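Let's take a walk through this model, starting with a single residue and its partner and then stepping back for the wider view. Keep the viewer open as you read.

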Amino acid sequence: MKTIDKILLHQTACIREALQVIDKGAMKLVLIIDTDRRLIGTLTDGDIRRGLLNGMCLDDSIETIIYRNPTVCKANDSKDAIIQLALAKKIYQIPVVDNTGCVVGIQEIDELIKSKHKTNKIVLMAGGLGTRLGELTKHTPKPMLHIGNKPILETIIENFTKYGFTEIIISVNHLSHIIEDYFGDGSRFGVSIEYVHEKQRMGTAGALSLMRDKLTEPFFVMNGDLLTNVNFENLYDYHIASQAVATMCVREYDFQVPYGVVNISDSKIISIDEKPVHKFFVSAGIYMFSPEVLPLIPDGEFHDMPTLFDNCISSGEITSSFPIHEYWLDIGRINDYERANGEYHEVF
C-alpha cells in the first residue's frame, strides 16, 4: 500500500491546485478529503479535462467535478479480495480507508498482481489424445485448443504467473511439436519451460518418474485441459500447512437420482426418498506434491493419480484435500468446449 500525502487535496481547492498535485504525483489522480481527512471522492486528469471542456476555468472550485462514489477497500482486506474488486470495477487504483472513512493509503493493482518469483515447479500434463472431442483434436493437442482466442495451456500458464510461479515442465506426447513450436522456452510468456517426452502412455502420475531430479521442492501437477482461476498461492500455503506429501484439489459434484429411491431392510420398505441428490467430492485434476512422494512412483510404468494417492495412504503418509470453489471446467466433451468459449471473457 502506497502513502498518499502527495495526492491529498481539500475539497475547497481549485482546479489549478488539483492539476499541480496530479502533475507532481505519479498516480494520475487526487484524493479529495474533508477537514477530518475523511474521503470525499477522487479527481483525475480526465475529470478535470471534461470540466474544462464544459466551460470551467482553472480558478473554479473542484466541488462540482469531484467523483463522489469511488470504490474503496479496507486496510484489512485480503490481497485476493482487492484484486477481484478491482477487476470487477475495471480500475487500477483503490483508496484504502479505515472504519471511520478516513483515507490511510492507496492500493495499486499492478503492484498487487506482481508476485515475487517462486522456484516451485509446475508440471503440466499435456500428452493426452483428447479423443472425446473428435475432429477438434485430430490435428491439435487438446491443451492447444483455442478458448478465448488463446490455447487452454496459455491461460493455465498465465494464471500461474499471476502468483509468481514461472518454472514450468510440460509432459508431452501426442502432437508434441505443436506445443513446443508455440511456447518454445517460454521466454515470450515470461516463464521458463522444459519438456519431458512420454514415449509411451504413462498415466497421470507415471510421467513424474521421468523428472525426479527436477522436483526438489514442493511442486504442482495439473492437467493441461482445465480452465480454472483457482488461487495457486493459497493451494501452496495449504499444502505446506497441512504437512502433507500429497494434496488433491477437489470439487463438489451433485448427482440427482431421477427416480424415487426405495430403502429396504429385510424385504421391508422402510422409507422412500423421492429423486434424492447425492453429493460427492471429485478430483479436480490439480495437485500439489512434496518430493517425498516421488519414491512411491515406479520407473517407466503406467501410474495414475488414484494409485499414487492409495500408495501414499497405505505408506502412512499424510494426504490432504483442497476444496476449490473458484471457476473450474474440464474441457472433456464438445459441450464443455462450447461452454468454455461462452464463459471465458466473463471469468478471465
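Start with Asp 299, which is exposed at a relative accessible area of 56%. One thing to keep in mind as you look around: this is a predicted model. What does Asp 299 pair with? Its salt-bridge partner is Arg 212, and the closest N and O atoms of the two sit 2.8 Å apart. Arg 212 has a relative accessible area of 26%, so it counts as partly exposed.

That kind of pairing has a simple background: side chains of opposite charge can pair when their charged atoms come close. By the rule used here, the model has 14 salt bridges. The protein carries 34 positive and 47 negative side chains, and the centres of those two sets lie 4 Å apart.

For another pair, go to helix H10, residues 334–347, where Glu 343 and Arg 339 are four residues apart and so separated by about one helical turn. Their side chains meet in a salt bridge, with 3.0 Å from N to O. Are these two buried, exposed or partly exposed? Glu 343 has 22% relative accessibility, which makes it partly exposed, and Arg 339, at 42%, is partly exposed too. Salt bridges can also chain together: Lys 121, Glu 167, Glu 194 and Lys 214 are joined into one network by bridges that share partners.

One more pair is worth a click. Arg 38 and Asp 36 form a salt bridge in which the closest N and O atoms are 3.3 Å apart. Arg 38 is partly exposed at 36% relative accessibility, and Asp 36 is partly exposed at 44%.

Ile 65 is in the loop between helix H2 (45–53) and strand E4 (73–74). Its relative accessible area is 14%, and because buried means under 20%, Ile 65 counts as buried. Which residues does Ile 65 touch, leaving out those up to four places away in sequence? They are Ile 15, Leu 43, Asp 47, Ile 48, Gly 51 and Met 56. Take Asp 47 from that list: it is 18 residues from Ile 65 along the chain, yet their C-alpha atoms are separated by 6.4 Å.

Time to zoom out. The secondary structure comes to 10 helices and 17 strands. The radius of gyration is 26 Å, well over the 20 Å that the globule rule gives for 348 residues, so the protein is more spread out than a compact globule. Along the principal axes, the C-alpha atoms fill a box of roughly 85 × 60 × 45 Å.

How much of the protein is buried? Of the 348 residues, 46% count as buried. The accessible surface comes to about 18,300 Å², and carbon and sulfur atoms make up 51% of that. As for how the chain meets itself, take the contacts with a separation of 6 or more: 67% of them are between residues 24 or more positions apart.

Notes. Residues are numbered from 1 along each chain as its sequence is written. This is a predicted model: local features need pLDDT of at least 70, side-chain atom pairs count only at pLDDT 80 or more; totals for chains, interfaces and linings use all residues. Side-chain values use heavy atoms; hydrogens and water are left out. Helices (H or I, at least four residues) and strands (E, at least two) are DSSP runs, numbered from the N terminus. The radius of gyration is taken over C-alpha atoms; the globule rule is 2.2 Å times the number of residues to the power 0.38. Buried means under 20% relative accessible area, exposed over 50%, partly exposed in between (1.4 Å probe, protein chains only). Contact means heavy atoms within 4.5 Å. Accessible areas come from the Shrake-Rupley method with a 1.4 Å probe; for residues, only the protein chains shown count as cover. Lys and Arg count as positive and Asp and Glu as negative; His and the chain ends are not counted. The place of a charge is taken as NZ of Lys, CZ of Arg, CG of Asp or CD of Glu. A salt bridge is a side-chain nitrogen of Lys or Arg within 4 Å of a carboxyl oxygen of Asp or Glu.
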